[in-house]
Amino acid sequence: MRGSLLVDHIGELVTNDGRDGDPLGVRRDAALLIEDGQVAWVGPARDAPAADRRVDAGGAAVLPGFVDSHAHLVFAGDRAAEFAARMAGEPYTGGGIRTTVGATRAASDDDLRATVGRLRAEMLRQGTTTVEIKSGYGLNVADEARSLRIAAEFTEDTTFLGAHVVPAEYADRPDDYVGMVCGPMLAAAAPHARWIDVFCERGAFDADHARAILACGQAAGLGVRLHANQLGPGPGVRLGVEMGAASVDHCTHLTDADIDALAGSETVATLLPGAEFSTRSPYPDARRLLDAGVTVALATDCNPGSSYTSSMPFCVALAVREMRMTPAEAVWAATAGGAAALRRTDVGRLTPGARADLIILDAPSHLHLAYRPGVPLIRQVLHNGVPR
Ligand code: NIG
Ligand code: FE
């Protein structure tokens, strides 16, 4: 949209500019000017410049749009029955991934596109203005490539997860599958992907396979991220740090050595409390990571198996209640933390030059996101400066 837009009468503005030692960079009684889809000015409401149009925030809180840095949106079918079985005591093993692979392979492009579009719209309504989308339910050359092609219609942050699990047809020859992932599958996927990811876990890929796949992806120009230490302790987190991953995700089972490795690195720990909620598992200890100086992000992990939520506000509330994060830490992790996990400097903050992605809450403060769980507090979302 052309021309300038002033968001005025903001009671509490979260900028994430880190000013005065406050990571959220909160300003009271503020205004924010948008020009050409970017933040052009931030300051006290009384100094607000003139603009072509104006949105009155009515004294409410305004924060950066959420950055959901981990989502598996390209799939078909659901696994509600698997969820019900878990709630009746069955454990989560990741075994259901193959069920979704079967349904995804059988779906048309239009069906997959419609699912991604529906979930993307659901996310936007809940304040998510940037989302990463993974493949990982195709697990053959054609279906991984089309998953990424469809994902790229919705986001710049597409991730090749051909190494999600070994598909049934390769069950007795995993080395051959790894060779295929690094060869023809990567060649077909890389033009549509920014990142490469591996599920490094017992029952999925071990450290040697994961290292080989990530190295091929890096050589093809993709950035590294990793599913690690979700179901038990293991080598994934340290492997991610060793390979310069932008983020290691889940981090549910960590040793002191894992935390030390993260603390001395540029790698973000992305926590996905929707997965622990939906698999009835113990939550990761965010406090331990934060106290060690690790950068923490929060994301939904939206997928039909382990976490079928698209709601960042829900994840913020879980992080505060169950993972010992303060509301301010959780809001930072869901915005600036997600941007760090995607190595993005244009989103996750409301400072001049940033993309004008912002949320006007139906509440006076960011605290209400955790304080009023389950309540639809997203009054209005602006994406690229355009009201949605
Ligand atoms: O992040 N852990 C591996 N992948 C997904 C789960 C996928 C599924 O169960 O379909 C996750 O939890
Ligand atoms: Fe995941």
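Is arginine 355 buried or exposed, and what is its relative accessible area? Arginine 355 is buried, with a relative accessible area of 15%; buried means under 20% relative accessible area, exposed over 50%, and partly exposed in between, with a 1.4 Å probe and protein chains only. The model is predicted, so local features need pLDDT of at least 70 and side-chain atom pairs count only at pLDDT 80 or more, whereas totals for chains, interfaces and linings use all residues. Residues are numbered from 1 along each chain as its sequence is written, chains are lettered from A and ligands numbered from 1 in the order in which they are written, and side-chain values use heavy atoms, with hydrogens and water left out.

Arginine 355 is placed in the loop between α12 (327-341) and β15 (358-361); helices (H or I, at least four residues) and strands (E, at least two) are DSSP runs, numbered from the N terminus. Its side chain is joined to that of threonine 130 by a polar contact of 3.2 Å. A polar contact is a pair of N or O atoms within 3.5 Å; within protein, one must be able to donate a hydrogen and the other to accept it, and residues adjacent in sequence count only if both atoms are side-chain atoms.

The iron ion (ligand 2) is coordinated at 2.1 to 2.3 Å by His70 (NE2), His72 (NE2), His227 (NE2) and Asp301 (OD). Donors are N, O and S atoms within 2.8 Å of the metal (3.2 Å for Na, K and Ca); water is not among the atoms, so sites may look incomplete. Along the chain, the donors have the spacing H-x1-H-x154-H-x73-D. Histidine 70 is buried, with a relative accessible area of 0%, and histidine 72 is buried at 2%.

In helix α6, the buried residues are Ala207, His209, Ala210, Ile213, Leu214 and Gly217. Seen down the axis of α6, these buried residues fall within an arc of 160°, so they line one face of the helix; the arc is that of the directions from the helix axis to the C-beta atoms. The face turned away from the buried side carries the exposed residues Asp208 and Ala219. At the start of α6, a side-chain oxygen of aspartate 206 reaches to within 3.2 Å of the backbone nitrogen of aspartate 208. Just after α6, glycine 221 has a positive phi of about 95°.
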